[in-house]
Amino acid sequence: MAEPYQHYIDGEWVSGDGSETFESENPATGETLAEFERGSPSDIDQAITVAEAAYEEWRELSRIERAEYLWDVYQELRDRTDELGEIVTKECGKEISEGKADVVEAAHMVEWAAGDARHPSGDIIPSEIAAKDAYMRRKPRGVTGCITPWNFPIAIPYWHMAVALVEGNTVVFKPAEQTPWCAQIIAEMFDDAGIPPGVFNMVQGFGDAGNAIVEDDRVPTVLFTGSAEVGHKIAGKLGDVSGRRVACEMGGKNAVVITEEADLDIAVHSAVMSSFKTTGQRCVSAERLIVHTDIYDEFKDRFVEIASNVAVGDPLDEETFMGPLIEAEHAEKVARYNELAREEGVNILVDRTELDAAEIPDGHENGHWIGPFVYEADPDADLRCISEEVFGPHVALLEYDGDIERAVEIQNDTPYGLAGAIVSEDYRQINYYRDHAELGLAYGNLPCIGAEVQLPFGGVKKSGNGYPSAREIIEAVTDRTAWTLNNSKDIKMAQGLSADIITEND
Ligand code: ADP
């Protein structure tokens, strides 16, 4: 068997201190893809040490010079989109159009960050005093820890790292343990681009390696995208530590609101996309469909018809809509939630927890297959299945009666606030939703998935405490300085404050 893949520290491929390895698995077949060294806290310590040393020179380059390295990465992402898209699909099970879209989104983020290097940065601000020039300038913060999940294995690392690097920070990247192959390619791309040693470092591994980044005071900024459970643990540890900042993007119990004024074609299309794309494993996937009673029966019939027939299968096949779940433990978790819904007494409409043998393609018997699970429940019932994030194709239809205020009340009846959508032809309903739904990402007459990198991305409430991704990440990875320069020999103060120095002799 080939040697396990290594970590990338200080511009070198290195074996860590530990002797353990782990394997990457194709979730559609169960086959082993490759073997990787498992990083330990001491490997993270080493990566932070070199990242801290490299920071001194990296921050002295101009933004445009730093961006040059990223243009090389951009070119490679573009040239290799199809090949890398297939690797994404093989390693995380997303159907092939999603695999490629992951790489395209990464390219967009790199393009945005590198292009931004030539754009104005900061603000020129008026001063009350004519002789004073005032500016808002940004400074990098230092070593940035990037802890990422498996479901966008190429895009999210670049969401974190592209802007962080252009702004002058150095990086220690701890990718998800489920998608080390994609992370290996990301590191190879930085190596191909000739990024200076220590500026970008990658340590493969699990939560203990991620935690070592969190625990290290030499890392002023931690960017985390992943589960609410881990994200809140990290935010709890660092929230109060001065000088350290953590930006977390976590999950949601997202909803699509479908009012009595909805175009039902748009409603059904948006609901299916929101619930089942990526097999429900996007942080923005919808697990609640809040549907007005006047159109409920028709919507239900149409949604159930599609959920019963949606194509689950080989994600490399372009005729597939839903691939497998990421791993066996996750499939077990989703199956447990389906069972919980049954125990909680909801009315089950579609149950494809166990797919028919005929639905599973040849050679894919060891994949982690679960099809759509759809049920109807009372929106006011105190049920775990309609409150807790499942992260799978597990969807509740919640029928409501009344006006848009009532629909938004149900939408907001969750501790989360990541993404949501409204389907309606009535602009007053849409505007009410826009202004009152407690969400970081909101859509009208669209699915609640499908972010673009030039928009902010992040949630409110339990879904996030900042923007570790897309363009607003600039706030997380820089500090602002309000800089004022006096062009006069006299010192004059704002607000009429006296600048006279008065002594006892005056
Ligand atoms: P998911 O459920 O999407 O896999 P997780 O929150 O479990 O999300 O994982 C997201 C990332 O966080 C992964 O890279 C994982 O290894 C890392 N991680 C898990 N536990 C911890 C922890 N205690 N501290 C820091 N990082 C962690």
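Two strands pair if DSSP finds at least two bridges between them. Strands (E, at least two residues) and helices (H or I, at least four) are DSSP runs, numbered from the N terminus. Residues are numbered from 1 along each chain as its sequence is written. The model is predicted: local features need pLDDT of at least 70, side-chain atom pairs count only at pLDDT 80 or more, and totals for chains, interfaces and linings use all residues.

**The sheet**

Ala 134 stands opposite Thr 484 in strand 23. Strand 6 (residues 132-140) pairs with strand 23 over nine bridges, in the antiparallel sense. Three strands build this open sheet, in the order 5-6-23, with antiparallel pairing. Strand 5 and strand 23 are the edges, and each pairs on one side only.

| Edge strand | Residues |
|---|---|
| Strand 5 | 123-125 |
| Strand 23 | 478-486 |

**The domains**

The protein chain splits into domain 1 (7-250 + 464-483) and domain 2 (254-444). These bounds come from an automatic or database domain assignment. The C-alpha centres of the two domains lie 31 Å apart. Which residues make the contact, by number? Domain 1 supplies 19 residues and domain 2 supplies 24 residues. Contact here needs C-beta atoms, placed from the backbone, within 7 Å.

On the side of domain 1 that touches domain 2, helix 3 (81-92) and helix 4 (96-116) are the elements that give two or more residues. Helix 3 gives the most, with three residues.

Note on methods. Two residues are in contact if their C-beta atoms, placed from the backbone, lie within 7 Å.
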